[in-house]
Structures are given as structure tokens and as C-alpha cells.
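The entries below follow the order in which I looked things up.

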Amino acid sequence: MPPQARDHAVVLGASMAGLLAARVLADGYRKVTVIDRDTLPGIGMHRRGVPHGRHHHALQSGGCAALEKLFPGLIAQAAQAGAGVGDMLRHCRWLPCGHRLRQADGGVPGLIASRPFLEGQVRARVQALPGVTFIEGARITGLDTTAGRRVTGVHLRDQVGDHAQLAADLVVDATGRGSRTPAWLAEWGYQPPDEERIQIGLGAATRTYRLRPGALGPDAMIHIGHTPDNPRIGVLGMLEDGRHMLTLAGILGHHPPTDPVGFETFAASLPFGDISHALAGAQPLDDPVAFRFPAAVRRRYENLQQFPDGLLVLGDAVCSFNPIYGQGMTVAANQALALRRLLDQRGQPDAGRYFRAIAKIINPAWDFAVSGDLALPDIPGTRSLKVRIANAYLPRLLAAASFDVTLSIAYIRVVGLLDRPLGLLRPDRMLRIWWITRRKANIATVHTRVNYTPDATTRREVSPWH
Ligand SMILES: Cc1cc2nc3c(=O)[nH]c(=O)nc-3n(C[C@H](O)[C@H](O)[C@H](O)COP(=O)(O)OP(=O)(O)OC[C@H]3O[C@@H](n4cnc5c(N)ncnc54)[C@H](O)[C@@H]3O)c2cc1C
């Protein structure tokens, strides 16, 4: 590593993507500075700059694997501090598209905890790295460039309005959906990236509860997905401190109300009754809080012909997915690993190579989420042949998976970003679906409302999640 070329890296944004970027940059640069507009609170506490942190978050299996590579022992440490860590198929009830997946050991470890808890655990690890410093309560107002060709520094303004400037060999923009890189590129005379938007019109609301003992049986999470005729979603998941968080969401304006009665009525209108059943006798601990997410947005940096040196973009600033698929943190962690691989080579990381590498990480997650969104006929967008095939095939696969563990595992591995969606179309899987469908002639069209009560056997099981 030539030290003069890799002296100072500056990361804009100290949320998940920024922290993960700082982790890998700390191995390649003498000094790393992470800047955020918020004053960063203790582990588990909400902050203004991350309003989505008040809503349900789970870390998929692919994210757990990536985080372990970046911070060995982190997942076990989070589990010790109360997070739910366990098999995402054995102890989570998945009810996508009107079907109930078979619960079984899937070899798909995941993590369930509040977003501020996970961010706090990761932040503590990054703060302990030599060479990394944080500047809190400072808003990034612009970047310095040499005639727009190379980014050389960052301008900040603190909470009392004082300005400062930091020189940098590399700047990584991890400021989330509101990233100003596209506007800066236009200002410097570059083409900004093309933007793909899927207008999902999602509204969510979240409330925390203390459930009655045994209300979820041995399960750590219930995830009820939308069906083509009911665009409502509900996720009830454990938190690190014994509480549970319920996030309800609706697509295309079917937004959950934030008054307590309306909120629970919405929960009762989900395609399955599992969440309503679990809420019986629960003690609400706060009022529902709302969140709006009008569109999933992907910025196609990988297609740009020209891009300034000394600048990269990571996390939601590149692609922010429909949150119901729970992909963002896993994709950000894998982007950080891609950056680490580039830093193994000499000199500054090349932007073109970086954006092409992360596009390969984003593609399967984006394709999976977008075809799921476009299954709803009223969501605007082009239904390519690939999307139409996926949307004709997936309900059949899910229907068969409600009888078949092998198919349930195959699906959850795709949800967990361990495997590519294309693998679901493998001939052996198609054959399995055909065989099961033939035996259970009526399964392909079930969008039934099923009230679930954990039976006596499941109630007695001791869950590793608690
Ligand atoms: C409702 C919801 C639920 C979700 N659930 C899941 C889930 O279950 N699993 C999952 O993996 N992902 C989930 N996600 C996505 C996940 O939250 C994000 O992908 C993840 O947080 C990574 O975001 P980020 O760090 O790129 O951006 P953000 O979290 O948006 O962070 C941006 C940071 O930049 C700072 N910042 C912004 N502008 C400036 C500025 N000008 N100056 C200084 N600082 C600035 C902000 O303060 C903030 O700290 C969900 C998202 C939403 C909206």
C-alpha cells in the first residue's frame, strides 16, 4: 500500500452503510473520518437522521455472513446482548403471497433486533478501530474538487453554523436516499446516473408491545406478505429487550392508520390471522408511528462513462429497496466487502470497477424485489418477460412450498440473499412443484385467511431465540 496515496478517507453518513464502509477503509487508509449530522446516541437509541430505525428490521442470512466477515464474533455478541439469532425458517413464520411456508431447520441464520441496537453494536466496533474518528452533529454541505476531475475534500457546517473543511484522498457517500452525489455530478458537468423508480406508494406504521407469555410459541417473527388482492403487509418481531415490534404496511395508498384502534383493525385485515392472534392480551407500549416510502429507487452509477476520481457511493444512496423485503443492510454489507476486495489492490479504488462490482450485488436483490412489486397489477412499470415468468411461477412455488420443506428452504435462501432468484427455476425444483401440485390439485390458488394457533407441541418447544 503506498501510504501517501491512502492517507485519509472520509465517509459521509454514520448509519449502517457508512459504518460498514469505515470498517473496510480502516484497513486501507491511515486515517478514516466518519461524519454525521446527528449526535450519535448510545446503543439501541433512536436518532433523527434514521427515521426508518423506528420500524421493524431483520438482518437476513446473507447479511449475517457478511457482517461476520467484517466483524468476527459480532453476531454472537449481539445474541448475548439480547438480539434474536437463529434459523430464519425454523423460528420465523413466513406467509408470502397467501401461502404458509413449512417451518424447518433451513441452515439460514438471521438476526432480529431493533435497528438502533444493531447500528449501535456495529458502531461500537468501528469506534474501537485504530485510525477511525467520528465527527458528530455536522452537516455535509459540499465537496471540494480540482476542476471537477478529482474530489479532494469535504465542507461541513456544525450545529452552531460554523464551517469547516477536511482534505480527503477518498470520499465515500453513504448519506442514504437523499444523497446529493447526483446533483454534485451535474454541478461539475457530469451526467448524473439514470434513476429507476418503482412507485410503490408504501406507508408503514409501527408500535411496540409486551406480548403475553407464549404468544408467539417458539417463533421470533411472523412475516405476512401481501397478496395480489390484499396489498397489506405485517411483520411482528422480537426486540432485544423482551418487547416485540409490529410494523404494518400497505402498498399503493393502503396505509395503516396511526390511531390505536385503526392500527389493530388493520392488523386484523391482513391475509392471515397470526399477528392478530399473537396480539390478543398484549400490552401496547407506545402509539403507532408512521413512515412513508413512495418509491424504490436505484441509481445506475455502473452505466456512467465518466465519474470523478476520489469519490464512491454506497448503501441506500445507490439503491433503496422496497423495505418489505428486508434487503438494504445485507446489500450494504456486501458492497462493503466488494470495496474491501478493491482495496487489496494498489492505489485508490477505481470508481468504474467499484460500481460494476456492486451492481452485481444489487442486481439479484433488485430483480427479486421489483418483480414482487410488479406482481401487484396497479403498480406502474414495465412487466418484462422475465418479470411475467417470475410472477406466474412464484405463486406456484410458494403454494408447493407450503407442503414441502425443500422448496421452503430454496425460497428463504433467496429472500436471505444467499442464493440468486434464478436458481428457483432449476429443473429439479420445477419437477418438485409439478409433482406436489398434481397431488394437491387445489393448492395453486389458495389465498385463504388462516387463523393460526401454535399447538401444544410447539408451545412446549424451547426457542433458542429468547
Ligand atoms: C421502514 C424500513 C424498514 C426496513 N427494514 C429493513 C430490514 O428489515 N432489513 C434490512 O436489511 N434493511 C431494511 N431497511 C433498509 C435499511 O434501513 C437501509 O438499507 C440501511 O439502513 C442502510 O442505509 P444507509 O446507511 O445507506 O442510509 P441511512 O440509514 O438512510 O443513513 C444515512 C445517514 O447519513 C446521514 N446524513 C444524511 N445526509 C447528511 C448530511 N447532509 N450531512 C451529514 N449526515 C448526513 C444521516 O443522518 C444518516 O445517519 C428498511 C428500510 C425502511 C425504510
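My notes begin with the model itself and then turn to the ligand and the helices.

**The model.** I am working with a predicted model, in which local features need pLDDT of at least 70, side-chain atom pairs count only at pLDDT 80 or more, and totals for chains, interfaces and linings use all residues. Residues are numbered from 1 along each chain as its sequence is written, and side-chain values use heavy atoms, with hydrogens and water left out.

**The ligand shell.** The ligand is surrounded by 30 residues, the closest being S15, D36, H57, R115 and D316. By class, 14 are polar, 10 nonpolar and 6 charged; Ala, Val, Leu, Ile, Met, Phe, Trp, Tyr, Cys and Pro count as nonpolar, Asp, Glu, Lys and Arg as charged, and the others, Gly among them, as polar.

**Atom pairs.** I then looked up pairs of N or O atoms within 3.5 Å, the cut-off for a polar contact. The side chain of R47 places an N or O atom 2.9 Å from a ligand oxygen, and a polar side-chain atom of R37 is 3.0 Å from an oxygen atom of the ligand. At H56, a backbone N or O atom lies 3.3 Å from a ligand nitrogen. Of the 1,000 Å² of accessible area that the ligand has on its own, the protein covers 93% (Shrake-Rupley method, 1.4 Å probe).

**Helix packing.** I took helices as DSSP runs of H or I with at least four residues. Helices α8 (328–343) and α9 (residues 351–373) pack at about 150°, with axes 9 Å apart. Therefore α8 is roughly antiparallel to α9 (angles over 145 degrees).

Terms used: A residue is near a molecule or strand if one of its heavy atoms lies within 4 Å of it. A polar contact is a pair of N or O atoms within 3.5 Å; within protein, one must be able to donate a hydrogen and the other to accept it, and residues adjacent in sequence count only if both atoms are side-chain atoms. Helices (H or I, at least four residues) and strands (E, at least two) are DSSP runs, numbered from the N terminus. Axes are lines fitted to C-alpha atoms, for helices over the stretch in contact, and angles run from 0 to 180 degrees between N-to-C directions. Angles under 35 degrees count as roughly parallel, over 145 as roughly antiparallel, 65 to 115 as roughly perpendicular and the rest as oblique.
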